[in-house]
Amino acid sequence: MPQQNHKQALQNPIFNILSEAADELNVESYVIGGFVRDYLLKRGNPKDIDVVAVGSGIELAKKVAHKLSGNPKISVFKNFGTAMIKHGDLELEFVGARKESYDRNSRKPFVEDGTLQEDQERRDFTINALALSLNKSNFGELLDPFNGVIDLEDKIIRTPLEPGITYSDDPLRMMRAIRFATQLDFVIELKSLQAITENKERIQIVSKERIVDELNKILACPKPSIGLSLLHKTGLLDYILPELTALEGIEEIEGQRHKDNFWHTLEVVDNIAKTTENLWLRWAALLHDIGKAPTKKFHKKIGWTFHAHEFIGSKMVYKLFKRLRMPLNDKMKFVQKMVLMSSRPIVLAEEFVTDSAVRRLVFDAGDFVDDLMTLCEADITTKNPKKQKKYKNNFKMVRAKIIEVEERDHVRNFQPPISGEEIMNFFDLKPSKEIGIIKAAIKEAILEGEIPNEYEAAKEFMVQKGIKLGLTPKP
Ligand code: ATP
Ligand code: MG
């Protein structure tokens, strides 16, 4: 195949500066990797530009920084032989061409200087090994020794070298293969898929942070189930999220079956990916049923139950986040809350929706009530079109009721209309348990709709409640 010229990929004036700098230093230089791939796939204009110099990447970076106006920030990582320049919204990453060999117990290779071809060989996939020349003599020439362009056309993820070696050398590439397959909607070549399966246990030498990074990228895709099912198929998911694989399977006792909660979960994640970009809500969808494996029971009379699985599931969220070194902050708490409350609106949507049930939902979910509704709508995976329609309609009604109740009762961020201090003053009390009882009773009365969420009504209610408790108003 003739090597095509792709000057039009290098129209940004930055490439002229890179070209001049490379020629002045007399080093072969190339744009390589994601930028070239995404250009050929017409995936917008990538902001990350990786440059490889057959020589010193750091020297090239310094020369480029010198030529750029505005005194750009350059970061040099001497140990890695790399340098980075931020220029406007562009991030330029420089590295010297290198050859790598690996130690079995680490992802960190032994590195020596190499040729362009050797550098391309150590790249993870053929589609990520494409290079465009920057030197004036062949500016824009595509160097594609492993037929990456053909793989782009055929939508195939393939490794430049023997896949067994590629994945064993750096097992993070297994996650990257699956992530790119999900992002680009590509197929992983069979030999590669087998090599991943054979090397799956090597994922254990990859840091949790890197694994989570890839998981997040998979979850951010339009159809995360592509990656999740590949993780499952290759056996990687057992190492990463065993809580999920534990949900797989359908059991039958005395003719009673339950649904396969693993494949159900994947459908829920795909559904929610259509309605929200919120990564943490997508995590909530992924984990909403994890409590079902440890709580599953069969009862002769009622069949399968998953009693309190939401509660157990929300506890499991903490352990899972901790194990994966994910942030144990408000994001984690949000996921826990979503898992804990994941069945609440479903109950509402199955029955007649009362105002007080909606008020309680809004009270408990607070600002996250909309997210919770989004999760529950995604949870509808019934294949029965009648039921599907019925549930969707019911959720629409619940949403409308939420707005109505909100406008009237303002319980979303509930503030008690009567303070403890006022109760103490009114009945001339010292701090005591009666105050808590009265406050709780006021809250209940508001949520039940017995009184409106207003000062006057709450005060009247307080007086009556206090008298019932045997208190007397201060004269
Ligand atoms: P994106 O930035 O969209 O995730 P990318 O291809 O630019 O995609 P980066 O992680 O930015 O990915 O890496 C840049 C390039 O470095 C890749 O295109 C690939 O050539 C190479 N690369 C990155 N990680 C690895 C790895 N683990 N093994 C081999 N090559 C890698
Ligand atoms: Mg990149």
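Guide: Tyr30 stands opposite Val52 in E2, where strands (E, at least two residues) and helices (H or I, at least four) are DSSP runs numbered from the N terminus. This is a predicted model, in which local features need pLDDT of at least 70, side-chain atom pairs count only at pLDDT 80 or more, and totals for chains, interfaces and linings use all residues. Residues are numbered from 1 along each chain as its sequence is written, chains are lettered from A and ligands numbered from 1 in the order in which they are written, and side-chain values use heavy atoms, with hydrogens and water left out.

Visitor: How many bridges join E1 to E2, and which way do they run?
Guide: Strand E1 is joined to strand E2 (residues 48-53) by 4 bridges, and the two run antiparallel. Two strands count as paired if DSSP finds at least two bridges between them.

Visitor: And what stands opposite Val31?
Guide: Leu132 in E8 stands opposite Val31. Strand E8 (residues 131-133) is antiparallel to E1, with 3 bridges between them.

Visitor: Are the faces of E1 covered or open?
Guide: Both faces of E1 (residues 29-32) are covered. Ser29 and Val31 on one side, and Tyr30 and Ile32 on the other, are all buried; buried means under 20% relative accessible area, exposed over 50%, and partly exposed in between (1.4 Å probe, protein chains only).

Visitor: Changing topic: how many salt bridges does the structure hold?
Guide: The structure holds 33 salt bridges, each a side-chain nitrogen of Lys or Arg within 4 Å of a carboxyl oxygen of Asp or Glu. One of them pairs Glu24 with Lys67, the closest N and O atoms being 2.8 Å apart.

Visitor: Which parts does that pair tie together?
Guide: Glu24 lies in helix H1 (residues 14-25) and Lys67 in helix H3 (residues 57-67), so the pair ties together parts that are 43 residues apart in sequence. Glu24 is partly exposed at 47% relative accessible area, and Lys67 is partly exposed at 28%.

Visitor: What about Arg359 and Asp409, buried or exposed?
Guide: Both Arg359 and Asp409 are buried. Their side chains meet in a salt bridge (2.8 Å, N to O). Arg359 is in helix H19 (residues 355-365) and Asp409 in helix H21 (residues 385-409), 50 residues apart, and the pair links these distant parts of the chain.

Visitor: Which residues are in a network with them?
Guide: Asp355, Arg359, Lys401, Glu404, Arg408 and Asp409 are linked in a network of salt bridges. Within helix H21, Glu404 and Arg408 are 4 residues apart, about one turn of the helix, and their closest N and O atoms are 3.8 Å apart.
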